[in-house]
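Hi,

Here is the structure I said I would pass on.

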Amino acid sequence: MSEDIPTLYEWAGRSEALNRLTRTFYDKVAADPIVGPVFEHMSPDHPAHVAAFIGEVFGGPKTYSEKHGGHREMVMHHLGKHLTEEQRRRWINLLADAADEVGLPDDPEFRSAFMGYVEWGSRLAKMNSNLGETCDPETEPMPAWGWGVPGGPYKPPAGKS
């Protein structure tokens with residue numbers, strides 16, 4: 001991405017914002033009767049690991065790959081969980097609520113990219129949880145998500161580059 005167009009990671013507010021997001025989100029998850037049971041044995045550092053994963057996917061530092069095993073490890077965490085569509089949708093809604101609560105940018109361009117990734121990633125997680133690996137975790141690259149408009153690079157709204 002060119003120097004004058006920020007990554008989604010930068011636009012979101014970098015690791016500080018993503019850590020606020022995941023802490024708030026997993027507090028909501030823990031109290032939720034639909035997705036809470038999936039995470040009942042979650043380690044205390046799970047929110048920070050997920051923030052690092054999202055940060056890397058959105059163009060930030062490669063912390064998750066370097067310290068936590070990369071995409072392969074994320075795929076492995078979902079195997080055998082047998083996630084339902086109801087759980088997937090609740091997960092998305094809680095994450096969107098947390099994004100609002102912590103003040104992630106709410107411009108349509110960012111939220112479209114953010115929610116596009118959440119939709120894609122949650123569907124992949126659900127598939128892996130029910131069918132086993134749907135990709136080769138040994139060779140599958142870390143996802144890279146950006147502004148993603150067809151036809152060329154997108155310029156975010158004026159005043160924030």
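There are 10 salt bridges in the structure, a salt bridge being a side-chain nitrogen of Lys or Arg within 4 Å of a carboxyl oxygen of Asp or Glu. Side chains of opposite charge can pair when their charged atoms come close. Before the details, some housekeeping: this is a predicted model, where local features need pLDDT of at least 70, side-chain atom pairs count only at pLDDT 80 or more, and totals for chains, interfaces and linings use all residues. Residues are numbered from 1 along each chain as its sequence is written, and side-chain values use heavy atoms, with hydrogens and water left out.

Helices (H or I, at least four residues) and strands (E, at least two) are DSSP runs, numbered from the N terminus. Arg88 is buried at 5% relative accessible area, while Glu119 is partly exposed at 27%; buried means under 20%, exposed over 50% and partly exposed in between (1.4 Å probe, protein chains only). Both residues also belong to a salt-bridge network that links Glu85, Arg88, Arg89, Glu119, Arg123 and Lys126.

Arg111 and Asp100 make another salt bridge, at 2.7 Å from N to O. Here too distant parts of the chain are linked: Arg111 sits in helix H7 and Asp100 in helix H6, 11 residues apart. Arg111 is buried, with 14% relative accessibility.

Then there is Arg14, in helix H2 (residues 14–30). Its salt bridge is with Glu10, and the closest N and O atoms are 3.6 Å apart. Arg14 is partly exposed at 44%, and so is Glu10 at 33%. What is the phi of Arg14? It is near 65°, a positive value in a residue other than glycine. Most residues other than glycine have a negative phi. His82 has a positive phi as well, near 50°; you'll find His82 in the loop between helix H5 (70–78) and helix H6 (85–102), partly exposed at 49% relative accessibility.

As for the whole chain, it has seven helices and zero strands. Of its 161 residues, 42% are buried. Among contacts (heavy atoms within 4.5 Å) between residues at least 6 apart in sequence, 77% join residues at least 24 apart.

Cheers
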